[in-house]
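Have a look at it first, then work through the steps.

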Amino acid sequence: MKSIKLIHPLLTQGLIIDPHFCIGNLESELHATFASSKQCGDYTVYVDNPDLNEQLDAYCEPVSSKEVIKPIVITGKTGNGKSSLLANWLQRHVADTKENRTCLENEEFVFWHVGGCSRNSTYVGRTLRRLMNGLKRHFDLSPDIDQSDEKLPWLFPRFLEMAAKKGRILIVIDGLHRIRSEDGDSGIKWLPITFPQNVRVILSVTNMGFDGEILPNNNHHHSDLDKNGYAYNLETSANQVLQEILRRKWQCIPLNSFDTFRVEMCVQQFLLSFGKKERIQNRENC
């Protein structure tokens with residue numbers, strides 16, 4: 001295992017800390033910890049969505065050289081499970097890819113990013129720098145990364161093309177609408193419209209409506225503040241991002257809220273899991 005563990009340590013048993021961990025890895029570990037909190041585990045129940053899993057799996061399959069690669073976008077209301085879907089699908093994808101990879105294939109580079117899990121995660125420049133540093137390490141790229149965050153959106157497409165010539169790349173960004181430039185632009189012009197053949201990009205955006213404005217800081221959560229102390233109405237940001245996604249004709253997959261059947265499944269799994277742990281604990285106390 002190389003960079004998969006460093007960029008997002010999400011294997012079958014959840015979070016794995018890189019043995020060469022240092023303070024510079026902290027940002028990546030924050031994203032990995034968020035994913036781990038959404039994955040099915042001892043105290044977390046997740047009801048799978050086979051249809052969406054199949055669509056994500058199919059999207060990641062190899063395509064002909066003539067096919068244009070565009071991102072796929074998961075949309076839905078706040079709290080309906082977009083983060084859980086991506087975290088659990090990605091955990092399985094990493095395990096399957098590792099199991100099926102031949103000795104002649106380069107290890108797939110996977111970048112997992114959660115907009116809003118830290119202050120740095122909400123800025124375009126810092127997001128691109130983390131991504132480009134990961135690509136540089138994984139594929140042993142020679143070009144240096146510019147020190148100016150403002151230049152990174154212009155340099156990123158070419159940098160990504162160089163990396164894609166050396167192996168497969170999967171970029172997963174949860175909460176795209178929470179990421180903005182240093183000057184407060186919450187659009188997605190920093191992302192290319194299309195991507196190289198070896199690259200897959202999976203995004204999630206919350207659909208929260210159409211009205212909103214920039215408001216003065218009034219004790220809002222730190223992840224919604226810019227460097228000047230202004231809080232962005234996320235409805236405005238999400239709407240702006242969704243409109244640009246539609247203009248770019250990227251595929252959107254709506255994630256609907258749980259129906260009664262899935263709610264019952266979730267409750268049953270939780271009660272079953274809780275009951276099993278309780279019986280084990282009672283035996284240990286005897």
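Start with the contacts: among pairs in the protein at least 6 residues apart in sequence, 74% join residues at least 24 apart, a contact being heavy atoms within 4.5 Å. You're looking at a predicted model, where local features need pLDDT of at least 70, side-chain atom pairs count only at pLDDT 80 or more, and totals for chains, interfaces and linings use all residues. Residues are numbered from 1 along each chain as its sequence is written, and side-chain values use heavy atoms, leaving out hydrogens and water.

**Exercise 1.** Work out how helix 5 and helix 6 are arranged.

*Solution.* Step one: find helix 5 at residues 124-139 and helix 6 at residues 152-164; helices here are DSSP runs of H or I, at least four residues, numbered from the N terminus. Step two: their axes, lines fitted to C-alpha atoms over the stretch in contact, come within 11 Å and cross at roughly 25 degrees.

**Exercise 2.** Is Asp140 buried or exposed?

*Solution.* First, locate Asp140 in the loop between helix 5 and helix 6. Next, check the backbone: Asp140 isn't a glycine, yet has a positive phi of about 55 degrees. Finally, Asp140 has 65% relative accessibility, so it counts as exposed (over 50% relative accessible area with a 1.4 Å probe, protein chains only; buried is under 20%, partly exposed in between).

Conventions
Axes fitted to C-alpha atoms, helices over the stretch in contact; angles between N-to-C directions. Helix = DSSP H or I, 4+ residues; strand = E, 2+ residues; numbered from the N terminus.
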